[in-house]
Amino acid sequence: MYAMKVSGALALVRKLIVQEQVLVSSYNFLGNDRYYDVESSSSFIFDHIAQKASSVESYSVESRHIDLVKTLSKSMSIHAREHFPSSTFSVCPTSSDSSIAISLVANKYSPSNFWNGRWRSTYFLDPSSSTLSGSIKVDVHYYEDGNVRLTTSKPIPSVSVAGSATGSEVIKQVAQIEKKYQEELNRSFTALSEGTFKGLRRQLPVTRQKVEWEKVGGYRLGQDIGGAYEKIIGNDP
């Protein structure tokens with residue numbers, strides 16, 4: 001069994017028996033470095049320094065919302081497979097048992113295209129009021145011929161879940177929130193590409209003439225480029 005660290009409050013650890021990853025967070029923390037997994041009904045000790053898990057034991061979560069936790073987990077599994085192929089999620093009651101924490105981490109690495117991306121989202125469902133709140137964090141790093149990094153954090157204010165707060169209805173609300181945020185990100189990317197980034201570059205060199213790049217190797221810097229610049233300056237009124 002081995003673990004892979006994820007920055008922030010969420011980490012991924014691989015189960016001992018089934019080759020699937022489990023989220024390690026404050027929401028499934030039992031104390032003394034022991035965490036539990038609802039899906040496998042087990043708990044384990046996680047060494048944060050060595051990034052390893054051990055001492056697996058049988059564990060059943062005690063919660064008055066355990067039936068809702070299980071239906072949420074089932075619906076979240078479908079949602080994650082459809083929208084986040086490389087992801088891991090967890091659904092577990094909070095320590096006070098007053099709400100249910102729904103967390104998801106999705107990492108995608110594309111070194112051949114010089115970019116990496118990470119999506120982290122956490123939601124809290126209050127069964128008593130059928131309200132959902134949380135936050136989404138996105139981190140994208142593009143490093144071809146330089147470094148460009150986008151880090152965003154989107155707080156999700158409390159919203160009411162339409163209809164009854166069943167597992168499917170709650171995850172349907174989650175899907176709507178995430179779709180809206182992804183559309184906002186796409187608009188921001190377009191604005192950066194067509195506006196901000198273009199504004200950082202001079203449209204023409206100081207000579208006000210386009211550079212013929214296919215001939216740049218034959219330019220004589222002082223005469224061809226510098227001379228053209230002096231010619232333009234000399235023609236100014």
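## Aromatic pairs

The count of aromatic pairs in this predicted model comes to eight. Tyr-35 and Phe-46 form one that is edge-to-face, with 6.3 Å centre to centre and 75° between the planes; this pair links distant parts of the chain, given that Tyr-35 lies in strand E5 (residues 34–37) and Phe-46 in strand E6 (residues 42–47), 11 residues apart. Both Tyr-35 and Phe-46 are buried.

Phe-114 and Tyr-143 also form an edge-to-face pair, at 6.0 Å centre to centre and 85° between the planes, and here the partners sit in loops: Phe-114 between strands E9 (100–110) and E10 (115–126), Tyr-143 between strands E11 (131–142) and E12 (148–160), 29 residues apart. Phe-114 has 31% relative accessibility and therefore counts as partly exposed, and Tyr-143 is partly exposed with a relative accessible area of 28%. Elsewhere, Phe-29, Tyr-35, Phe-44 and Phe-46 form one aromatic cluster.

## Salt bridges

Five salt bridges are counted. In one of them, Glu-57 pairs with Arg-34, the closest N and O atoms being 3.6 Å apart; Glu-57 belongs to strand E7 (residues 52–58) and Arg-34 to strand E5, 23 residues apart. Glu-57 is partly exposed at 44% relative accessibility, whereas Arg-34, at 14%, is buried.

Arg-64 and Asp-97 meet in a salt bridge with an N to O distance of 3.7 Å. Arg-64 lies in the loop between E7 and helix H1 (66–83) and Asp-97 in the loop between strand E8 (87–93) and E9, so the pair ties together parts that are 33 residues apart in sequence. Arg-64 is exposed at 62% relative accessibility, while Asp-97, at 15%, is buried.

Key: Residues are numbered from 1 along each chain as its sequence is written. This is a predicted model: local features need pLDDT of at least 70, side-chain atom pairs count only at pLDDT 80 or more; totals for chains, interfaces and linings use all residues. Side-chain values use heavy atoms; hydrogens and water are left out. Rings of Phe, Tyr and Trp (its six-membered ring) pair if their centres lie within 6.5 Å; planes under 30 degrees apart count as stacked, over 60 as edge-to-face and the rest as tilted. Helices (H or I, at least four residues) and strands (E, at least two) are DSSP runs, numbered from the N terminus. Buried means under 20% relative accessible area, exposed over 50%, partly exposed in between (1.4 Å probe, protein chains only). A salt bridge is a side-chain nitrogen of Lys or Arg within 4 Å of a carboxyl oxygen of Asp or Glu.
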